[in-house]
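Subject: Structure handover, with notes on what was found

Dear colleague,

I am passing on the structure we spoke about, and my notes follow directly after it.

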Amino acid sequence: MKVEERKSKEKSINNFFKRGYKNDLNRIKDADVDKFSKTAKIHVEKITETQSKSALDVGCGTGGILLALQKKGVEQIYGVELCGEGIEVAKKRFEEYGDIEKANFFQGSIFEYTIPNVDAITIHNVMSCHPDAKGIAIKILEGNPNQIVNSMPRNIAILRIIAFILSIFTKLFMNGFKLYVHDTDEIRKLIEDAGYERVDYMKGFYWETSVFIKI
Ligand SMILES: C[S@@+](CC[C@H](N)C(=O)[O-])C[C@H]1O[C@@H](n2cnc3c(N)ncnc32)[C@H](O)[C@@H]1O
């Protein structure tokens, strides 16, 4: 995907999320795993299970998954997030409820970030709002993590139809923000070809979560 096209799409993504994150600035909260979505819980569980000492969250939003990981023993935390408001909230949460000294945040696109060499990388519901899921997968492999946990929408006809209908609406009223249902098999193969094995796979109606371990 051309850089200018990507940047324009990322501008729409930023605009879409920033209002919600701005509201969160007035209610800084601890991470309550019990209130996490089912898939987010799986991310936290799978990464702590392998006793990872460092983790990167791609598209970390307001840092909930990272804060939960730190509390469960992950020592070095990295978060990358397009939206400045998301990063601001995440930092405040770590200042108040975690250890900000052991957390590193980057505001900007994953494509403009130097991926640190971490034990685990989590990508929770990020590919669904970015046009270049394949590019994200290729980029994270630069960090050579031992474990990758990724949740993205299942590639099934009904979801492709829903995403298409929603896109007409969002294109008109939300500055071009779009939901994507990517080719999940292509992403899986790409990661497997880079030397990983999918060791866990869970699916609900909408999302699927894959856990990969470096062979
Ligand atoms: C649906 S939200 C999920 C947030 C968080 N992962 C969670 O589960 O709570 C998707 C997030 O990915 C971020 N994002 C999308 N594309 C990105 C990119 N290229 N680089 C960094 N962050 C990105 C968005 O700004 C948004 O905060």
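Let me begin with strand β2, which is mostly covered, as 5 of its 6 residues are buried; here a residue is called buried if 20 or more other C-beta atoms lie within 10 Å of its own, exposed if 12 or fewer do, and partly exposed in between, with the C-beta atoms placed from the backbone. Helices (H or I, at least four residues) and strands (E, at least two) are DSSP runs, numbered from the N terminus.

Two points on how to read everything below. The model is a predicted one, in which local features need pLDDT of at least 70 and side-chain atom pairs count only at pLDDT 80 or more, while totals for chains, interfaces and linings use all residues. Residues are numbered from 1 along each chain as its sequence is written.

The sheet

Strand β2 pairs with β1 in the parallel sense over 5 bridges, where two strands are said to pair if DSSP finds at least two bridges between them. Within this pairing, V58 stands opposite V80 of β2. Strand β1 (residues 54–58) is also joined by 3 bridges to β4 (residues 120–124), and these two strands run parallel; in β4, the bridge partner of A55 is A120.

Taken as a whole, 7 strands form an open sheet of mixed pairing, in the order β3-β2-β1-β4-β5-β7-β6. The edge strands, each pairing on one side only, are β3 (103–107) and β6 (196–203). From one strand to the next the twist averages 15°. Helix α7 (residues 184–193) packs on the sheet, where α7 touches β5 (147–153), β6 and β7 (207–214), and the direction of α7 makes about 150° with that of β6. Axes in such angles are lines fitted to C-alpha atoms, for helices over the stretch in contact, and the angles run from 0 to 180 degrees between N-to-C directions.

Leaving aside residues up to four places away in sequence, I191 touches A137, I148, Y196 and F212, a contact being two residues whose C-beta atoms, placed from the backbone, lie within 7 Å. By contrast, the C-alpha atoms of I191 and G98, which are 93 residues apart along the chain, are separated by 32 Å.

The ligand shell

Which residues are the closest to the ligand? They are G59, G61, L82, I110 and H124, out of 20 residues that surround the ligand; a residue counts as near a molecule if its C-beta atom, placed from the backbone, lies within 6 Å of it. Helix α1 (3–24) and strand β2 (76–81) each supply at least two residues of this shell, and α1 gives the most, with 3 residues. By class, the shell has 10 nonpolar, 8 polar and 2 charged residues, where Ala, Val, Leu, Ile, Met, Phe, Trp, Tyr, Cys and Pro count as nonpolar, Asp, Glu, Lys and Arg as charged, and the others, Gly among them, as polar.

Some loop residues

Q51, in the loop between α2 (38–49) and β1, has a positive phi of about 55° although it is not a glycine, and Q51 is exposed, with 11 other C-beta atoms within 10 Å. N125, in the loop between β4 and α5 (133–140), has a positive phi of about 60° and is not a glycine either; with 19 C-beta neighbours inside 10 Å, N125 counts as partly exposed. E142 is found in the loop between α5 and β5 and is exposed, with 12 other C-beta atoms within 10 Å.

The fold overall

The protein has 7 helices and 7 strands, which follow the pattern α-α-β-α-β-α-β-β-α-β-α-α-β-β along the sequence. Of its 215 residues, 41% count as buried. Among contacts between residues at least 6 apart in sequence, 70% join residues at least 24 apart. The C-alpha atoms fill a box of roughly 45 × 40 × 35 Å, taken along the principal axes.

With best wishes
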